[in-house]
Amino acid sequence: MTSTDTRPTTLDAAQVRTWLEQPDGPRVLDVRTPGEFAAAHIPGSYNVPLDLVTEHRRELAEQIDEDVVLVCRSGARATRAGEALSSTGLPHLHVLDGGVQAWEAAGGDLVRGDGTWDLERQVRLVAGGIVLTGVLASTVLPAAKWVSAGIGAGLTGAALTDTCAMGVMLSRLPHNRRHYPELEDVLAQLRG
C-alpha cells in the first residue's frame, strides 16, 4: 500500500527509526555490497546492491509500491540508487542521511555477521598500499613517484565527483560478491 505521507527525500536516522516502528513503515533497501551487508545491516532490510539497482531498475520498480528508504554506508550510493529508481517514475523514495554509520551512531540496532570490510575501508587500504609502495620504490626508481601521484589524482577526482572507480572495481572482487543476490531472488523477496 502506497503512503500518502509527504516525508522529505532525505531522512535522518531518528526519523527512519520512528517510521519503522509504525505499522505503515517503509521497506528498507540496502544498496551496499553483499559482504558489507553481511557484516552489519538494519534489521528487516533487503540487500539490493547498487549495480543490481542500476542495471534492473525497471524490474525492481515494478515490485515496489510502497515507501522505500535506501541505505548504504554513508548515503552516496543510496542517493545514486534513488536517482536510478526515480528515473522509472517510482515515487516515495527516501535516503537515510549518513547511511548505516549515522544509524549506528544514533543508537539504531544492527544485525551483525561475518562480512567483509566496508568498501571505503578497502579503498583506503588499496590506495594507501599503492601510494606507500610508489614512494618506497621511488627511492630506487625515481619515476615510481608517478604511480603515487596517479592514485592521489584519482582520489581527488573521486572526492570532487562523489564517485570512486577504485570502489567500483573492488566491489566486483569475489569476496565482495559473496552471497550476491540473484535478481529473481530479490524480486521474490520484494513481492513477499
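Start at His92 and color by relative accessibility: at 24%, His92 counts as partly exposed, because the cut-offs are under 20% for buried and over 50% for exposed. This is a predicted model. His92 sits in the loop between H5 and strand E6 (93-96). Check the backbone here. Phi of His92 is near 65°, a positive value in a residue other than glycine. Most residues other than glycine have a negative phi.

**Whole chain**

Zoom out. The protein has 192 residues, and 41% of them count as buried. Along the principal axes, the C-alpha atoms fill a box of roughly 65 × 35 × 30 Å. Switch to cartoon: the secondary structure comes to 11 helices and 7 strands.

**The sheet**

Select the strands of the open sheet. Five strands make up this sheet, in the order E1-E6-E5-E2-E4, with parallel pairing. Which strands are at the edges? They are strand E1 (10-11) and strand E4 (46-47), and each pairs on one side only.

Now select strand E2, residues 27-30. E2 runs parallel to E4, and 2 bridges join them. Find Leu29: its bridge partner in E4 is Tyr46. Turn to E5. E2 and E5 also run parallel, joined by 4 bridges. Asp30 has Val71 as its bridge partner in E5.

Show the side chains of E2. Are its faces covered or open? Both faces are covered. Arg27 and Leu29 are buried on one side, Val28 and Asp30 on the other.

**Salt bridges from E2**

The structure holds 6 salt bridges. Take Arg27 first. Arg27 forms a salt bridge with Glu66, and the closest N and O atoms are 2.8 Å apart. The pair links distant parts of the chain: Arg27 is in strand E2, while Glu66 is in the loop between helix H4 (57-62) and strand E5 (68-71), 39 residues apart. Arg27 counts as buried at 13% relative accessibility. Glu66 is buried too, with a relative accessible area of 16%.

Arg32 and Asp30 are both buried.

**Arg77 and Glu36**

Select Arg77 and Glu36. Their side chains meet in a salt bridge, 2.8 Å from N to O. Arg77 lies in helix H5 and Glu36 in helix H2 (residues 34-39), so the pair ties together parts that are 41 residues apart in sequence. Both residues are buried.

**The largest pocket**

The largest pocket has a volume of about 720 Å³. Its lining has 31 residues, and the closest to the pocket centre are Arg77, Arg80, Leu119, Cys164 and Gly167. Color the lining by element. Helix H3 (50-55), helix H5 (76-86), H7, helix H8 (145-161), helix H9 (165-171) and helix H10 (174-177) each give two or more residues. Which element gives the most to the lining? H7 does, with 4 residues.

Buried or exposed? Leu125 counts as exposed, at 51% relative accessibility, because exposed means over 50%. With Leu125, they make a nonpolar surface patch of about 270 Å².

**Last stop: His41**

Select His41, in strand E3 (residues 40-41). His41 is buried, with a relative accessible area of 13%.

Key:
Residues numbered from 1 in each chain as written. Predicted model: local features only at pLDDT ≥ 70, side-chain atom pairs only at ≥ 80, totals over all residues. Heavy atoms only, no water. Pairing = 2+ DSSP bridges. Patch = residues over 30% accessible without salt bridge, like charges linked within 9 Å, V, L, I, M, F, W, Y side chains within 5 Å. Areas by Shrake-Rupley, 256 points an atom, 1.4 Å probe, with all protein chains shown as cover. Salt bridge = Lys/Arg side-chain N within 4 Å of Asp/Glu carboxyl O. Buried < 20%, exposed > 50% of the residue type's maximum accessible area, 1.4 Å probe, protein only. 1 Å grid on protein atoms, 1.4 Å probe; cavity = no way out; pocket = protein on both sides within 12 Å on 5 of 7 lines; lining within 4 Å. Points joined across faces, edges and corners; volume = space filled by probe spheres on them.
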